[in-house]
Amino acid sequence: MKYVDEFRDGEKARRVAELIHRQVEPDRDYRLMEFCGGHTHAIFRFGVHELMPSNLKFVHGPGCPVCVLPAGRIEAAIQLVESEDIILCTYADLMRVPAGKRDSLHKAKARGADIRMVYSVSDVLAIARDSPEQQVVFFAIGFETTTPPTAVAIQIAEAEGLSNFSVYCNHVQTPPAMEHLLASGEAHINGILGPSHVSTIIGSSAYAACCSHHQIPIVIAGFEPLDVIQSTLMLVRQINEERFEVENQYSRAVSQTGNLKAQTLMRDVFEARPLFEWRGLGLLPDSAIQIRAKYADFDAEKRFGMAEIATADIKGCICPAVLRGLNDPDECKLFATACTPEEPKGACMVSSEGACAAHYSYGRFRDEAGA
Ligand code: SF4
């Protein structure tokens, strides 16, 4: 297939991997964080990690939007849909993420709540137009990639006077989370495979401060296996040469400045949220966004007086440590035993970008668990 096969050519992948083997220094450790869950899945699906030298390790990061949403935000949405006569709309991945007390949106739907799975926020606008007597709330999650469509939906709702539409805003921002992770130093990483989709919006220059402040190389990497392998080689070279730059392997989609139109849209509708809790990373300042006062009518938190809820993760689940790059999923006692994609105990096993789901889906565990 044109434009895909070229990036999945096994022979080329082996040749670049050989270059990596030749260039890694034997007495140095290379701990490269794949910040984005899409990279985690590409690495496991295509066996990229198996082509790497033993002193080069891919470390998982917090780049899965479903995984980093704390259980309390899901619990608040369940309380809302069960206490008000509303239609709650969200993406399928979020439905099975465990909230508090072994609950989930899926279970709330089974109890009778009107929760609908949508493919895009324009589906939510259509539901709101078709149900003028009912309040329709969009449970919005995601990094900078999914934020512009939410901004457009709010602008459209305002232009149409769609007074029964609102957004429960859980959009988060990548650079502040990266900054926090690097400042903690816990994961001992010395290179970052930078997010690709997010970077199409914010541009490669958005990471420059992180890069120079923490003296760490960052390579914006595409999602195909050859993208990841080439980006890994670029990181190895920077580490060897003690260069700390933002390089852009994914130049076919990412520019230095990003999508300026999308950035203008986001600035019009959203502003920085002073504090937001991330699963695994805790409360981070200016790491998320909230709806500006001029669009307050479309802010579900304000419209319904939603409260913050603190909810603990399920006992034994080490998602927080996995999201900080401290543990691999198979170091969790529940992995592939009590926790499987069919019966997830944590968000990282649910999401199509979750690290536990990647290890399970493309590892030997699936067969063992079913044996
Ligand atoms: S295997 Fe399941 S319980 Fe363990 S960290 Fe992953 S999601 Fe959490």
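1. Helix α7 (residues 147-160) lies across β5 and β6, and its direction makes an angle of about 160° with β6. Helices (H or I, at least four residues) and strands (E, at least two) are DSSP runs numbered from the N terminus. Contact means heavy atoms within 4.5 Å. Axes are lines fitted to C-alpha atoms, for helices over the stretch in contact, and angles run from 0 to 180 degrees between N-to-C directions.

2. The model is predicted: local features need pLDDT of at least 70, side-chain atom pairs count only at pLDDT 80 or more, and totals for chains, interfaces and linings use all residues. Residues are numbered from 1 along each chain as its sequence is written, and side-chain values use heavy atoms, with hydrogens and water left out.

3. Helix α3 (residues 71-83) lies across β3, β4, β5 (135-142) and β6, and runs at about 165° to β6.

4. The open sheet has four strands in the order β4-β3-β5-β6, with parallel pairing; two strands pair if DSSP finds at least two bridges between them. Strands β4 (115-117) and β6 (165-171) are at the edges with a single partner strand each, so one side of each has no neighbour in the sheet.

5. Strand β3 (residues 86-90) is joined to β4 by three bridges, and Thr 90 stands opposite Met 117 in β4.

6. The axes of α1 (residues 10-23) and α11 (residues 225-241) come within 10 Å and cross at roughly 15°. The two helices are therefore roughly parallel (angles under 35 degrees).

Notes:
Angles under 35 degrees count as roughly parallel, over 145 as roughly antiparallel, 65 to 115 as roughly perpendicular and the rest as oblique.
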